[in-house]
Amino acid sequence: MHAARWIRERVTGIKAWQIWALPSWLSGFIVAIVVADVVALAAASAVLTVRAHDLELLAALLACSAATVELTRRLGHSAGVIKDVYAVWELPVAILLPVAYAPVVPIIRLALTQIRVRRVPLYRRVFTAAAIGVSYVGAALAFHGLIRFTGGAVTNPAGHALAWMLIVAACAAIQYGVNHALVLTAIKGADPSVRLRDVFAREALYNDVTELCVAVLVSFCVANSMIALVFAFPFVTLLQRSLRHEQLLNDSRADSKTGLLNAATWEREATAELARAVRTKTPAAVALLDLDRFKSINDTYGHLTGDQVIKEVARTLDTLLREYDLAGRFGGEEFALLLPHTKATDAFRIAERIRANVAALRFIAPGASGGERVSVTVSIGVAALDGGDKREFSHLMAAADAALYRAKASGRDQVQMLSTTRGLSAASGSGSARAAHQETPSAFRRAVSS
């Protein structure tokens, strides 16, 4: 009786895991990678010969990895993908020790991260550990296969330094490629809006290459003497602090909820960009966005739904804007855009496209009965800086704010625009139709509606 109840509770608990809420193919993919890691670990353990020297080196590298986790905790750990230097300690395990040890180190490290740094859904930690483990198994097998062709490099790495380090570098590249392919497949499957260009940005790639180069150097030094770890650890700690400092600087520029620029950063960068536009006599535009009746969404469906709305609107902006556009969160439900090299008509069309996409969004309110879907609209005020105009940032913002106020007063869910030099105005959107008697039809409206 008790056994049957215990089994039912366990089955019910497993069914409640968040992994089953993912698309079925993604759940299957995650399970397959975890199973592959377990099978690789079991197969390698079956032929493992335990040696005291291997255990000593494994313990030393694990100690360095644990110290790195602890330093991450002390430096602070924000949400999202955090770049650290764990490969510096884990690659030597895959290269210098039997294959069975390669998938073990990520498991221990991520267990420490879960306990000491930040808790996330367990299936994510398990999948990440499995993906890293599979990638290190691949690197280990590649190393043991390639090193045989270098003669005495197996027993004398220092005497064949060039060949040995090139092979290790190739294995590090294999590990990097396999790990990123597995992890990015899961990330993209869970959130199709993630852009690979953000993951493989130039600065991120530079940091990855730096980390792998240091990992190769540490592997070579430790292969000749384990004492090298004593001298490598302070250097790697400095590298970790440098990477974390850069991440903290980037975090200080962004709004924590949306990932867009925060108000201070947006204003600083927008001011510099507009000054450049005035100096080079190129057009630019500013748009201010305000969610319509957002307070009623919070009051009716709760702040969790409101947060979801804000995040989805920010994601929509990030999807529709160009790489060089600046998007920032200006307040609770207010956003600001800077559109460089953009004429008045083009800025108006961009704003109208954003308005239409936001109006098409639908949200399932957690507190609503029957899975009620919540919609939201946005009012947008646009101000354009034509080529040759010498107005300052404050003037353009005042014009955009006036246009936003007019959009709100004219019925919401619309775009209103002012040109700071030509006196042009425009309006579009469903809200403008209700207040059409207040506005004169413009060429901009005809262009959008055609």
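Tutor: In this predicted model, the accessible surface of the protein chain comes to about 22,600 Å². Carbon and sulfur atoms hold 62% of that surface.

Student: What share of the residues counts as buried?

Tutor: Of the 450 residues of the protein chain, 44% are buried. A residue is given that word if its relative accessible area is under 20%.

Student: Which secondary structure elements does the chain contain?

Tutor: The protein chain has 17 helices and 8 strands.

Student: Which residues of H7 and H9 make the contact?

Tutor: Among them are Trp164, Met165 and Tyr176 of H7, together with Leu205, Asp208 and Phe220 of H9. The residues of this contact comprise 13 nonpolar, 2 polar and 1 charged.

Student: What makes H4 roughly perpendicular to H7?

Tutor: Helix H4 (residues 87-96) and H7 pack at an angle of about 115°, with axes 11 Å apart. Since the class of roughly perpendicular covers 65 to 115 degrees, H4 is described as roughly perpendicular to H7.

Student: How do the residues of the contact of H4 with H7 divide?

Tutor: Leu91, Ile95 and Leu96 of H4 meet Trp164, Val168, Cys171 and Ala172 of H7. These residues divide into 7 nonpolar, no polar and no charged.

Conventions: Residues numbered from 1 in each chain as written. Predicted model: local features only at pLDDT ≥ 70, side-chain atom pairs only at ≥ 80, totals over all residues. Heavy atoms only, no water. Helix = DSSP H or I, 4+ residues; strand = E, 2+ residues; numbered from the N terminus. Buried < 20%, exposed > 50% of the residue type's maximum accessible area, 1.4 Å probe, protein only. Areas by Shrake-Rupley, 256 points an atom, 1.4 Å probe, with all protein chains shown as cover. Contact = heavy atoms within 4.5 Å. Nonpolar A, V, L, I, M, F, W, Y, C, P; charged D, E, K, R; others polar. Axes fitted to C-alpha atoms, helices over the stretch in contact; angles between N-to-C directions. Parallel < 35°, antiparallel > 145°, perpendicular 65-115°, else oblique.
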